[in-house]
Protein chains: 4
Amino acid sequence: MRPSPPPVPHHKRTGRPRSADADRAILEATREALVELGFGGLTLGDVAARAGVAKTTLYRRWPGKNELVVDAVAALFEERLELPDLGSLRADIQGVVLRFAELLNMPETRTALMAVVAEATSDEPLRRRIRDAIVDRQKHLVLLGRMRAQERGELPPDDGTEDPGRDDMIFDVVAGSVVHRVMVSSEPVDEEWADRLALLLVAGIGGLHAA
Amino acid sequence: MRPSPPPVPHHKRTGRPRSADADRAILEATREALVELGFGGLTLGDVAARAGVAKTTLYRRWPGKNELVVDAVAALFEERLELPDLGSLRADIQGVVLRFAELLNMPETRTALMAVVAEATSDEPLRRRIRDAIVDRQKHLVLLGRMRAQERGELPPDDGTEDPGRDDMIFDVVAGSVVHRVMVSSEPVDEEWADRLALLLVAGIGGLHAA
Amino acid sequence: MRPSPPPVPHHKRTGRPRSADADRAILEATREALVELGFGGLTLGDVAARAGVAKTTLYRRWPGKNELVVDAVAALFEERLELPDLGSLRADIQGVVLRFAELLNMPETRTALMAVVAEATSDEPLRRRIRDAIVDRQKHLVLLGRMRAQERGELPPDDGTEDPGRDDMIFDVVAGSVVHRVMVSSEPVDEEWADRLALLLVAGIGGLHAA
Amino acid sequence: MRPSPPPVPHHKRTGRPRSADADRAILEATREALVELGFGGLTLGDVAARAGVAKTTLYRRWPGKNELVVDAVAALFEERLELPDLGSLRADIQGVVLRFAELLNMPETRTALMAVVAEATSDEPLRRRIRDAIVDRQKHLVLLGRMRAQERGELPPDDGTEDPGRDDMIFDVVAGSVVHRVMVSSEPVDEEWADRLALLLVAGIGGLHAA
DNA sequence: TGTTAACCGAGACGGTACGTCCTGTCTTAGG
DNA sequence: CCTAAGACAGGACGTACCGTCTCGGTTAACA
C-alpha cells in the first residue's frame, strides 16, 4: 500500500515542477514538530524552517495547518495499522485494539488526531480529507475481520438480509471506545482491557445476529 | 445540582466582591460565541466584549480559553443529560444514547468538546477539569442504569467478584461510540442506530457476565 | 519652537495612556535605521526592534513607514534650520542655502526626503503631513529674510500691491534649486555656488520689484 | 533622436535572438502600470504579465525596477521636451517651464521621476543612468536658450572669462523650482507663475553678468 | 463615615504567528 | 540561446490575539 499521494495540482505540465523532496521533508518536519511542540504549538513557519523550505512552498501545497497534519499523520496509520491473524475473532479484535491504542499513544498522533477532528467539526472538506486519508483505510479492517471469522465459522455467512451499516457500527464502537479510553478517561489500554472489550464485542455481535 | 462554581479566590474578605452577574454574562457570552464562531474562532477579547466586561475581569476568573469553555459547556450537560427509566436496559441505553447524540449536535458543544479534549492531551489540569465538570457526572448514569437493570433482574446482582473497571469500560464504549459516530463518521444517530447499539451492548454485557 | 507633537489621539481619557518614551525611542530608532539602511532598506519591524517596542505599538501611532519617516526627519529641520543674520540679504541667502544643503547631505535626510516626496505624489494626506511638519516651517524663513532686507532698506517696503504668492515662489526657487543641485546633479553646494545663487536671487527679486 | 536602446548584450551571435517586440511591449506595459498603480505599486511580475512576457525575459534585459522605469519614462522626455523660439529669452523660459510642468503632471512621470531620483541617492549607476537618459538631454536646452539670447543681443557674448558652471546653475534653478512647485508645494504652474519665474531669472542672469 | 482594599472598564504594551505578496533565481519543456 | 511558465528561498508586510500592565474610577465591608 503506497503512501497517500500529495494533492494533485490540476495544472498544465508547464513550468518548473514541484519538488518531491520538499513534500517528503515537509511531512517529516511536521511529524517532528508535532512530537516536540504538540499540535497547538506547531507553527507553519517553524515547519517550513525545519524542512528547509520557504513558507510559500508549504502554502502552495496545503491550505493550512489542519490539512498538513492530516497528511503527515495518515502515513503512520498506513504503515502501522494492520489486522493480525491470531486464530480467533476475539484474539484478532484484541490485537487490533492494542495496535490502535499504541498508535494513539505516539506523541505525533496523540495531540494531532483529536485536534484535527475538532477542527473538522466545522469544516466539511477537512472532514472528507480525514475520512479519505485515515478513517476509510481502517474501516476495511472490520470487513477483513468479519470475513475471517465467517471462514472460521465463528460468524454465520451473509445471507443478503443483514444490515448494510453493520460494519460501520462495529467500527465506530471499536475505534470510539479506544479513543475515549485513551483520550478522555486517560486510562491505559492493556492486554486485559483489550481482551474484555473483545469479549464484549464478540458477544454483542452474536446478539446482533440473533436478533 | 448547581453549576460548578468559579474557582474560589482565597483572599481576605475585604474589598469589593466579585460581581456574580459578570460570571453569568461571561459564560453566556462564551456559549453564544461558540455557536457563532466555533471554538477556533472564539476569542477572549470578543467574549469580554460580548459580556460587557473587561478582558482583565475574565482573566482574573479563568486561566484561559480552554477552562472557560469547559465551564461554559459543563452546564449544558448538567441540565440536559439524564437517564430516563423506560422499562428495560435496552430501552434505557437507547434513550441515553439519543440524548447524548442530541447534545453532541448542539452547535455549542459540537466544536467545543472535541477541542478541549484535544487541548487536554497535553494539559493535565485541564484534563482533570474536564473529568470533574463533565465526564464524571455522566459516569454515574452507567452505575444508575446497572442498578436499575439489576433490580429488574436483567442483570445478576453483584457478588463481590466483578471487575471494578467494568462500568468504566461500558462508559467508554457508549460515549466513545456515539462520539465517533457523530464526530468522525458524520453519520446520524437515529433511533434505529441507537437501538442496535443498545442491543449490542446488552448482549455484550451478558457475555461479560457469562465469562 | 517645540518638536512636532505626536499625532494626537482623539480618545477619551480612559485606559492606559500611551508611553511618551516609546515615541521618543521610535523616532530615534527610525533616524538610526535611516542612516544605516537608507529609506528603502528601512523596515518597520526593524525599527520596532531597535526601539525595544512591539510592531503594534508602532502601527498604533503611525499609519506606515512614510508618515513615520516624515516625523522622524522633521525634528532635524526644526533644530538645524534657521536664518542667520549676516548683515545683507545676499549673505543671509548664502547662509541659509549652505545650511539647507548641509541638512540635505545628512544620511538621515538624504535618502528620506526624496522618498517621502515621491510617495506623496499619490497620497494627499502624506503631502499635507510633509507640508505641516517640514515645509511650512521653512517657509517663514523667507518671510523673515524679506522683512530684514526691508528694514535694511535693501528692498522696498510693502505697499499693498505686491503679489501674494511672491514669497512662495522665492521659497520654491531656493529650496528647489538646492535640492536639484544636491540630489539630481550630484554637485556640491559650496560657498561659491551658494553665493552665486544668492546673487542671482537678489538681482532677480530686484527685477520682480521693478516689473 | 531614438529612445535609448536597451543595454546591448555582448554575447556571441548564436542561438535565438532577443525579440524586439518584447522590449517595446515591456516599456509600454511599464508606463501603463505606472499610470494605474504608481511607482510603489508597480511590480515586475505585473509588468511581465501585462507585456505577455515571462519575468525571466524582463530580468535578462534590465537589472531591476528602477532602471526599467527610467528607460520607460526617458522616452517621454525625448519626445515632449523642446525649446520653442518665442522671440525673447523671457518668453522662451516661460515656454519651457510650462512644458516641463506639463510633463511633471503626467501620471506616468509624476510618481516615477521622484521615486527613481530617491532611489538614486544611494545608487551611483542608477544616478548615471538618469543623467544619461533624462537630465543631460534637458541640459542642452539651457545652452540653446543662451545662444539664442546672445544672438538676439539679450545677453553679452561669451568672452572666455565666464564661469563654466554657469549654465548648470541655471538648469538647477529652473528644473528645481518647477519640480518643487509641482511636487512639494502642490501648486499649479500656470502661465502667470511661469512668467514671473522667467522674469526673475532674466533679471537674475543679468545680475550675474554684471557681477 | 470615612478608609481602604479589591474590584472594574478601558486600552496600551511586548510578543508571536498569521497568510499574502514581491523579489530575484532556478528548472522545466519547447522554439 | 531564447522563450513562457511557474516553482523556489527568502523576507517584509500589516493584522489579529495573546496575556500583562497601567490608568482612573467604583463599591462594599470594616473601623
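A residue is taken to be near a molecule or strand if one of its heavy atoms lies within 4 Å of it. The structure is a predicted model, in which local features need pLDDT of at least 70 and side-chain atom pairs count only at pLDDT 80 or more, while totals for chains, interfaces and linings use all residues. Residues are numbered from 1 along each chain as its sequence is written, chains are lettered from A and ligands numbered from 1 in the order in which they are written, and side-chain values use heavy atoms, with hydrogens and water left out.

Of the atoms of DNA strand E that come within 4 Å of the protein, 60% belong to sugar and phosphate. By class, the surface near DNA strand E has eight nonpolar residues (Ala, Val, Leu, Ile, Met, Phe, Trp, Tyr, Cys and Pro), twelve charged ones (Asp, Glu, Lys and Arg) and 20 polar ones (the others, Gly among them).

Next comes the interface of chain B and chain A. Here 39 residues of chain B are in contact (heavy atoms within 4.5 Å) with 37 residues of chain A. The size of an interface is often given as the accessible area lost when the parts come together. For chain B and chain A, the buried area (accessible area, 1.4 Å probe, that two parts lose on being put together, summed over both) is about 3,600 Å², with carbon and sulfur atoms giving 66%. On the chain B side, Asp172(B), Arg196(B) and Leu200(B) lose the most area to chain A, together 18% of what that side buries.

The rule finds four salt bridges across this interface (a side-chain nitrogen of Lys or Arg within 4 Å of a carboxyl oxygen of Asp or Glu). Arg196(A) forms a salt bridge with Asp163(B), and their closest N and O atoms are 2.9 Å apart. The side of chain B that touches chain A divides into 21 nonpolar, nine polar and nine charged residues.
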